[in-house]
There are 2 protein chains.
Amino acid sequence: MSEIITSTSNPKIKFVRKLHDRKFRDLNNVFYIEGVRIVGEAFSSKWKITDLLYSSELLKNDFSRELVNSIRKQNVNLIEIDKDVFKSISIKDGPQGLAAIVEKQSFSISDILAGGVWVALDRIQDPGNLGTVLRTVDAVGAKGIVLINHCVDPFDISAVRSSMGALFSLKIIHITSKEFIDYVLKNQILVIGSSDSGNIDFRLASYPPNMILLMGSEREGLSEELFSVCTSIVRIPMAGKSDSLNLAVATGICLYEIYNQNNPIK
Amino acid sequence: MSEIITSTSNPKIKFVRKLHDRKFRDLNNVFYIEGVRIVGEAFSSKWKITDLLYSSELLKNDFSRELVNSIRKQNVNLIEIDKDVFKSISIKDGPQGLAAIVEKQSFSISDILAGGVWVALDRIQDPGNLGTVLRTVDAVGAKGIVLINHCVDPFDISAVRSSMGALFSLKIIHITSKEFIDYVLKNQILVIGSSDSGNIDFRLASYPPNMILLMGSEREGLSEELFSVCTSIVRIPMAGKSDSLNLAVATGICLYEIYNQNNPIK
């Protein structure tokens with residue numbers, strides 16, 4: 001074991017702090033995660049952990065300590081940090097004493113051809129919404145998400161946290177709207193859009209097991225060019241004053257309808 | 001017209017800033033809202049606006065200016081603020097130049113007896129989740145929410161913002177778990193809980209038009225004492241690694257199933 005980091009100006013601590021910045025993450029191709037559950041998910045999903053950061057004093061239970069021991073056996077920098085320094089980099093209210101730097105992974109649009117349900121998001125801006133969508137996509141056993149045009153970074157600290165680790169079991173694809181449109185048309189992939197101006201109640205549409213659910217942006221909804229690739233556009237009924245739902249809620253409602261149709265109760 | 005506030009140290013500006021603090025809101029029985037849509041909702045829903053704050057330079061369209069003129073006719077302090085001072089108190093990325101201080105309203109548990117669908121939330125902690133639940137409760141035409149035990153403040157700035165103004169058309173009740181349990185038992189109000197340890201798939205339960213959907217806290221789920229008042233506990237199926245959904249998403253999925261059963265497609 002090497003020594004313990006006790007200074008907040010240690011280069012590794014400074015590096016971690018810079019990982020809040022998207023450009024710095026992109027430059028280094030890594031991101032920061034924190035918490036026993038999320039670090040455990042990254043490890044069990046075989047994402048490449050470059051640095052494991054922990055504070056012995058904060059690790060509360062045997063599970064945490066065993067996780068550190070399991071990860072230690074891999075080719076990973078094991079970095080012990082003083083409790084107060086750990087708290088200074090923590091993004092949690094009650095730090096659990098475990099964090100990691102993880103290599104980003106990227107996937108190709110061709111992964112969609114393997115089938116299953118996918119969610120495509122156009123210009124999603126809110127990291128909490130993106131993380132929450134990831135969590136729901138995993139919950140229904142869907143395969144991944146397609147981020148169209150300029151979206152918030154799925155490796156954003158808030159997005160990773162909201163995903164509760166679901167990020168590590170999903171495929172995330174970045175693509176422009178033009179590439180998306182060309183690809184789905186060429187490969188005849190079924191796209192069902194969701195919009196408050198859709199013409200079919202979401203309960204009436206038929207959802208096959210291989211499809212993309214396409215959601216518009218928080219502010220502007222589905223763009224005209226993306227409308228054009230949808231086989232159908234579903235609408236979630238609104239009975240109150242609100243004319244729209246939160247994006248993550250709307251995605252969840254559609255995903256569970258898709259799930260329900262493909263997994264009838266026995 | 002009186003003069004324009006040009007200093008960030010003006011007492012009214014300082015007052016607005018203090019409204020970020022729950023204790024200060026409670027003490028003064030008012031809260032801060034911002035944006036044309038939310039201020040418009042407060043006004044049309046007849047909540048008491050004590051102060052209307054605006055910046056002429058930032059008001060972008062006739063709709064905003066007409067709203068200011070309509071509200072001006074009520075008994076309200078009309079306060080013009082310099083553009084830069086407005087930006088200093090703004091909670092939005094692109095301030096629309098319209099904000100207000102609004103009197104809080106409170107409702108009584110007896111409002112539940114009027115019927116309809118209600119959502120009860122136990123110890124909800126995240127203001128974004130609470131606002132998002134409010135938005136969905138309004139979207140399905142439900143009546144309001146019951147906040148059990150110590151919950152995040154529905155008049156929290158982030159909660160109001162996430163609610164998109166739905167807050168103003170709903171009834172919000174604060175109550176302890178003991179009061180809640182006593183009240184629903186005494187009045188024979190049907191309570192259906194949602195929990196990952198529920199024994200009925202949420203698609204199989206029957207939801208009557210008058211009921212309370214009870215959701216547990218983000219961290220701990222439904223408490224044992226609350227379990228005891230539920231006629232049934234539904235479970236949302238999980239097909240991935242995640243063992244739970246975001247609270248606002250889970251509430252939305254259950255609420256739309258309740259809506260669907262009570263509003264069959266003709």
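Visitor: What makes 29 residues of chain B count as in contact with 30 residues of chain A?
Guide: Two residues are in contact if their C-beta atoms, placed from the backbone, lie within 7 Å; 29 residues of chain B and 30 of chain A meet that test, so they count. Keep in mind that this is a predicted model, where local features need pLDDT of at least 70, side-chain atom pairs count only at pLDDT 80 or more, and totals for chains, interfaces and linings use all residues. Residues are numbered from 1 along each chain as its sequence is written, with chains lettered from A and ligands numbered from 1 in the order in which they are written.

Visitor: Which elements of chain B supply at least two residues each to the side that touches chain A?
Guide: Those are α6 (127-139) and α10 (247-262). Helices here are DSSP runs of H or I with at least four residues, strands are E runs of at least two, and numbering starts at the N terminus. α10(B) gives the most, seven residues.

Visitor: How do you know that chain A has a domain 1 and a domain 2?
Guide: Domain bounds come from an automatic or database domain assignment, and for chain A that assignment gives 11-103 and 109-262. Their C-alpha centres lie 30 Å apart.

Visitor: What does domain 1 of chain A put against domain 2 of chain A?
Guide: 13 residues of domain 1 are in contact with 10 residues of domain 2. On the domain 1 side, α2 (22-28), β1 (30-34) and α3 (36-44) of chain A give two or more residues each, and α3(A) has the largest share, four residues.
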